[in-house]
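Thank you all for coming; I would like to walk through one model this morning, going from the whole chain to single residues. Please keep the structure open on your screens while I talk.

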Amino acid sequence: MTDSATIPHACAALSEAPAEAPADALTAHGIRVTCPAKTNLTLLVSTTRSERGNRHALDTVYCGLELHDTVTLEPTAPGTGLDLRIGGDYFGPRLDEHPLPGTAPFESNHVIRATRMLADSLGVPADVRITIDKRIPVAAGLGGGSADAAGTLMGLAALWHDHYGAHAVLRPTRTELERIAATIGADVPFCLDAGLAHGTGYGERVEAIPEGSAAWRAWQPRLSCMLIGMFRDGLSTADVYRRFDEIGGAERNASPSNPAMPDPNDPATPRIINDLQPAAIDLHPRSGTAIELAHRMGAEAFVSGSGPTVIALCPSAATRSELQRLWAAEHAVDGMATSDGAPKSLGLVRFAR
């Protein structure tokens, strides 16, 4: 299989349902999507709000990481339906490698939900083989399931337009993709693009932080040398939020220079805050140990999202190397990955079949 040009943004005007495409058009190529993990540089959690289904209101800065899953989408013969395969080398609970339609692991998978919702929206048959090569840990606070769902939405939008586009313009609007994404999960709208962004609502209202903006320039130097500490055991997001409701969040003393709710887009106050961190550490003490060791080395460190993954922002490559050795010597984490440079974005390529 040969990679070709990167596909441009998969959103434009939505038109009528497509005419039937020739069989050869349906088998000419597939789509491969690079789906970055995410972390939350700032995660401010408010009280539950009944109008949002008792979800917690969030104010967050999302950041795409170099660690990623790869989703491959290949059209299949009409009437064959959906086929899902999951493999790869990843930490956390193991997923069923070939879940069958009608079973809980299949029906609850974010990728399957995304595929069916987009197919229904566009009026096309959901005949596609989806293969996920996982590298993002499961139940880790890194948004792996959300990233895969977002990559599936963007990839299928491009794939189905390619296959049916000669007969009718078939492209979902950005609004429709975001609607579907938000229905699947709060992180999924961010993962449609990844990069660096400000999220509000319960995380689904996303505003990109443009490259070169003041906020981008404030965050970027701190993201150039990152170390990701991973664990074999995961944490349930629901459990972490329940513990947060019991013990509260990160302590913040309000002042003009250290506001209780800093503006994540204000370059004067870019601060690492995660209100879920005390709850995550209470449920997973090894995360706290890894953070303490990172602080000892002069790195900024925090729990990623609902944990247990720990992100360390290192001031230099030498510091990162020292921290890698320290984490390994102290058995503070079970695995490590790095992320360098600018926040990572979702990427799509065609490949010949």
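Predicted model: local features only at pLDDT ≥ 70, side-chain atom pairs only at ≥ 80, totals over all residues.

**The chain as a whole**

Of the 353 residues of the protein chain, 52% count as buried, where buried means under 20% relative accessible area, exposed means over 50%, and partly exposed is what lies in between, with a 1.4 Å probe and protein chains only. Residues are numbered from 1 along each chain as its sequence is written, and side-chain values use heavy atoms, with hydrogens and water left out.

The protein chain has 11 helices and 13 strands; these are DSSP runs, H or I of at least four residues for helices and E of at least two for strands, numbered from the N terminus. If we take contact to mean heavy atoms within 4.5 Å, then among contacts between residues at least 6 apart in sequence, 77% join residues at least 24 apart.

**The largest pocket**

Let me turn to open space. Rolling a probe the size of a water molecule over the atoms shows where empty space is left. On a 1 Å grid over the protein atoms alone, a pocket is an open set of points where a 1.4 Å probe fits, with protein on both sides within 12 Å along at least five of seven lines, and lining residues have an atom within 4 Å of a point. The largest pocket has a volume of about 1,200 Å³, a volume being the space filled by probe spheres set on the points, with grid points joined across faces, edges and corners. Of the 47 residues that line this pocket, the closest to its centre are His110, Gly143, Ser146, Asp187 and Thr237. The elements that each give two or more residues to the lining are β2 (29-49), β3 (55-75), α3 (110-122), β5 (128-134), α4 (144-164) and α8. By class, the lining has 21 nonpolar, 18 polar and 8 charged residues, with Ala, Val, Leu, Ile, Met, Phe, Trp, Tyr, Cys and Pro taken as nonpolar, Asp, Glu, Lys and Arg as charged, and the others, Gly among them, as polar.

Which residues does Asp187 contact, leaving aside its neighbours within four places in sequence? They are Lys38, Tyr62, Gly143 and Ser146. Asp187 itself lies in the loop between α5 (174-184) and α6 (188-191), and it is buried, with a relative accessible area of 18%.

A pair of aromatic rings is described by the distance of the centres and the angle of the planes. Rings of Phe, Tyr and Trp (its six-membered ring) pair if their centres lie within 6.5 Å, and planes under 30 degrees apart count as stacked, over 60 as edge-to-face and the rest as tilted. By this rule the count comes to 1 aromatic pair. The rings of Tyr62 and Phe190 have their centres 4.5 Å apart and their planes at 15 degrees, so the pair is stacked. This pair links distant parts of the chain, with Tyr62 in strand β3 and Phe190 in helix α6, 128 residues apart, and both Tyr62 and Phe190 are buried.

Pro343, in the loop between β12 (335-339) and β13 (347-352), is 281 residues from Tyr62 in sequence and 9.2 Å from it in space, C-alpha to C-alpha. Pro343 is buried, with a relative accessible area of 8%, and its contacts, not counting residues up to four places away in sequence, include Cys63, Gly64 and Trp216.

**Helix α8**

The buried residues of helix α8 (residues 237-247) are Val240, Tyr241 and Phe244. They cover an arc of only 95 degrees around the axis, which puts them on the same side of α8, the arc being that of the directions from the helix axis to the C-beta atoms. The face turned away from that buried side carries the exposed residues Asp245 and Glu246. After α8 comes Gly248, whose phi is positive, near 85 degrees.

**Backbone points to check**

Finally, a cis peptide bond joins Gly307 and Pro308, with omega about 5 degrees, and Pro308 sits in the loop between β10 (300-303) and β11 (310-313). Ala194 has a positive phi of about 65 degrees although it is not a glycine, and this residue is buried, with a relative accessible area of 11%.
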